[in-house]
Amino acid sequence: QVQVVESGGGLVQPGGSLRLSCDASTSMTITSMAWFRQAPGKQRELVAMIEIHGLITYGDFLKGRFTISRDNNKPTVYLQMNSLEPEDTADYFCRVVVEVEAQKRAIYWGQGKRVTVSS
């Protein structure tokens with residue numbers, strides 16, 4: 001089993017910053033951790049992902065405003081969000097992919113954290 005716990009989020013003015021954290025509790029090997037977001041009426045989309053070997057992928061819409069990082073001592077990833085815009089308002093979800101056995105993976109999601117960008 002995998003427990004995924006997110007923290008951070010909240011209300012921020014346009015141009016402001018927020019940081020999200022995601023902690024995963026598992027005895028299995030984590031192959032990637034990622035942040036997705038879902039705005040009202042829209043599909044869930046990838047924000048940023050970091051894989052076990054350090055490869056990082058960002059959503060095309062970010063334009064360098066967000067940064068994903070990880071704690072190398074524990075299964076925690078962070079999403080630093082700068083220059084936030086009203087269009088960034090969404091529920092942000094942490095996704096953890098683990099290796100259950102050889103060539104078999106399982107996906108776990110956190111409950112989500114609401115980020116609201118508004119003046």
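Thr57 is partly exposed, with a relative accessible area of 30%. The model is predicted, and a search of the whole structure finds 5 salt bridges. The largest pocket has a volume of about 200 Å³.

**Thr57**
- Thr57 sits in strand β6, which covers residues 56-58.
- Beyond its neighbours within four places in sequence, Thr57 is in contact with Leu46, Val47, Ala48 and Met49.
- The C-alpha atoms of Thr57 and Ala34 are 9.0 Å apart, with a separation of 23 residues in sequence.

**Salt bridges**
- Arg37 and Asp88 pair through their side chains in a salt bridge, at 2.8 Å from N to O.
- Arg37 is in strand β4 and Asp88 in the loop between β8 and β9, so this pair ties together parts that are 51 residues apart in sequence.
- Arg37 and Asp88 are both buried.
- A salt bridge also joins Arg65 and Glu85, whose closest N and O atoms are 4.0 Å apart.
- Because Arg65 lies in the loop between β6 and β7 and Glu85 in the loop between β8 and β9, the pair ties together parts that are 20 residues apart in sequence.
- Arg65 is buried at a relative accessible area of 11%, whereas Glu85 is partly exposed at 33%.
- Asp91 forms a salt bridge with Arg114, with 2.4 Å between the closest N and O atoms.
- Asp91 belongs to strand β9 and Arg114 to strand β11 (residues 113-117), so the pair ties together parts that are 23 residues apart in sequence.
- Asp91 is partly exposed, its relative accessible area being 22%.
- A network of salt bridges links Arg37, Glu45, Arg65, Glu85 and Asp88.

**Arg95, a buried charge without a salt bridge**
- Arg95 is in strand β9, residues 90-101.
- Arg95 is buried and has no salt bridge; Glu51, the nearest side chain of opposite charge, is 7.8 Å away.
- Leaving aside neighbours within four places in sequence, the contacts of Arg95 are Ser32, Met33, Ala34, Phe36, Met49, Ile107, Tyr108 and Trp109.

**Largest pocket**
- The largest pocket, of about 200 Å³, is lined by 14 residues, of which Ile30, Met33, Arg70, Lys74 and Pro75 are the closest to its centre.
- At least two lining residues come from each of β4 (29-38), β5 (45-51), β7 (66-71) and β8 (76-81).
- Strand β4 gives the largest share of the lining, 4 residues.
- By residue type, the lining consists of 6 nonpolar, 4 polar and 4 charged residues.

Technical notes:
Residues are numbered from 1 along each chain as its sequence is written. This is a predicted model: local features need pLDDT of at least 70, side-chain atom pairs count only at pLDDT 80 or more; totals for chains, interfaces and linings use all residues. Side-chain values use heavy atoms; hydrogens and water are left out. Buried means under 20% relative accessible area, exposed over 50%, partly exposed in between (1.4 Å probe, protein chains only). Lys and Arg count as positive and Asp and Glu as negative; His and the chain ends are not counted. Contact means heavy atoms within 4.5 Å. On a 1 Å grid over the protein atoms alone, a cavity is a set of points where a 1.4 Å probe fits but cannot get out, and a pocket is an open set with protein on both sides within 12 Å along at least five of seven lines; lining residues have an atom within 4 Å of a point. Grid points are joined across faces, edges and corners, and a volume is the space filled by probe spheres set on the points. Ala, Val, Leu, Ile, Met, Phe, Trp, Tyr, Cys and Pro count as nonpolar, Asp, Glu, Lys and Arg as charged, and the others, Gly among them, as polar.
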